Amino acid sequence: MADPPIHQHSQTQPLKQIAIDYTPEACSHCPISNTITLTYDHRGGARWRSTTRYLYGTFTAKIQTPKGNTSGLNFNFYLSSLEGDKSQDEIDFEFLGNDTTIIQTNYYCNGIGNKEEIHQLGFDCSDGFHEYGIKWGLGFIEWLIDGKVVRKEKKKEGGDGFPEKAMFLYASIWDASCIADGKWTGKYHGTDVPYVCLYKDIHVPSNTAVE
């Protein structure tokens, strides 16, 4: 079966409103300039999300990750039907603090993931802004960096499930040292606190919000 035309889902608009799930004082949002900053320091990190869920579409942001020794930290840009729900659908971009020249992609269906892939960025994601995008349609997902597709997945007949629940757009910064005893993102040292992750030109679908 052919993919649905991507242009059906390509209409986007700037993200106007966000909700902050925790540590609101560590997250700043300027809707006029379409910028968001997340800070990790003694308060821990923070997480923001869109105020509506979307069913399919294109999600993009220009992101510059924190500078310095970011070992232990995870910064991200992802879709999830509900963070913390054990049966969530999810599509991820995850930056791993112990190596700022790679990024991990993954997706979940009904809480089951284990579809991680590591991609070489060809640059240091803390050196400047680059655009990260997720195109999600009926039966396909594309992950894009600076407009180039770095991974594509299609729903397979009789295969594992595929994300099809309406999802929020999320981003957070947190200490992931405890995952796999530090083997995933490294151990947190905190020598260059505060760590600031910058998001700008954040766009979400203009016509697929469902609530």
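**A hidden tryptophan**

(Buried means under 20% relative accessible area, exposed means over 50%, and partly exposed is in between, with a 1.4 Å probe and protein chains only.)

Keep in mind that this is a predicted model, where local features need pLDDT of at least 70 and side-chain atom pairs count only at pLDDT 80 or more, while totals for chains, interfaces and linings use all residues. Residues are numbered from 1 along each chain as its sequence is written, and side-chain values use heavy atoms, with hydrogens and water left out.

**The overall build**

What is the chain built from: helices or strands? There are 15 strands in the protein chain and zero helices. (Both are DSSP runs numbered from the N terminus: helices are H or I with at least four residues, strands are E with at least two.)

Along the principal axes, the C-alpha atoms fill a box of roughly 50 × 40 × 35 Å. Of the chain's 211 residues, 52% count as buried.

Seven of the strands line up as an open sheet, in the order 2-5-14-7-8-9-10, with antiparallel pairing. (Two strands pair if DSSP finds at least two bridges between them.) Strand 2 (18-22) and strand 10 (117-120) are the edge strands; each has a single partner, so one side of each has no neighbour in the sheet.

Now walk in from strand 2. Four bridges tie strand 2 to strand 5 (residues 46-50), and the two run antiparallel; here Ile20 faces Trp48 of strand 5. Strand 5 is joined in turn to strand 14 by four bridges, again antiparallel, and Trp48 stands opposite Ala171 in strand 14. One more step takes us to strand 7 (residues 73-80), which pairs with strand 14 in the antiparallel sense over six bridges. In that pairing, Asn74 has Trp174 of strand 14 as its bridge partner. Is strand 14 mostly enclosed or left open? Six of its eight residues are buried, so strand 14 is largely enclosed by the rest of the structure.

**Rings meeting rings**

Searching the whole structure turns up 13 aromatic pairs. (Rings of Phe, Tyr and Trp, using its six-membered ring, pair if their centres lie within 6.5 Å; planes under 30 degrees apart count as stacked, over 60 as edge-to-face and the rest as tilted.) One of them is Phe95 with Tyr132, an edge-to-face pair with 5.0 Å between centres and 85° between planes. Phe95 belongs to strand 8 (residues 90-96) and Tyr132 to strand 11 (residues 130-137), so to speak, with the pair linking distant parts of the chain, 37 residues apart. Both Phe95 and Tyr132 are buried.

Our opening residue is in a pair too: Tyr107 and Trp143 are tilted, 6.2 Å centre to centre with 40° between their planes. This pair also links distant parts of the chain, with Tyr107 in strand 9 (residues 102-108) and Trp143 in strand 12 (residues 140-145), 36 residues apart. Tyr107 counts as buried because its relative accessibility is 6%.

**Charges over rings**

Tyr107 has another contact: the charged end of Lys115 sits over its ring, 5.2 Å from the centre. (A charge sits over a ring if NZ of Lys or CZ of Arg is within 6 Å of the ring centre and within 35 degrees of the ring normal.) Lys200 does this with Phe129, its charged end lying over the ring at 4.1 Å from the centre.

**The greasy middle**

The largest nonpolar core holds 42 residues, and those touching the most other members are Leu38, Trp48, Ile91, Tyr132, Trp136 and Tyr199. The largest share of this core, five residues, comes from strand 15 (residues 195-205). (A nonpolar core is a set of buried Ala, Val, Leu, Ile, Met, Phe, Trp, Tyr and Cys residues joined through side-chain atoms within 4.5 Å.)

Most residues other than glycine have a negative phi, and most peptide bonds are trans. Val193 and Pro194, though, are joined by a cis peptide bond, with omega about 0°. Pro194 lies in the loop between strand 14 (168-175) and strand 15.

Asn110 is not a glycine, yet its phi is positive, about 50°. Look for Asn110 in the loop between strand 9 and strand 10; it counts as partly exposed because its relative accessibility is 44%. Asp201, also not a glycine, has a positive phi of about 50°. Asp201 is in strand 15 and counts as partly exposed, at 29% relative accessibility.
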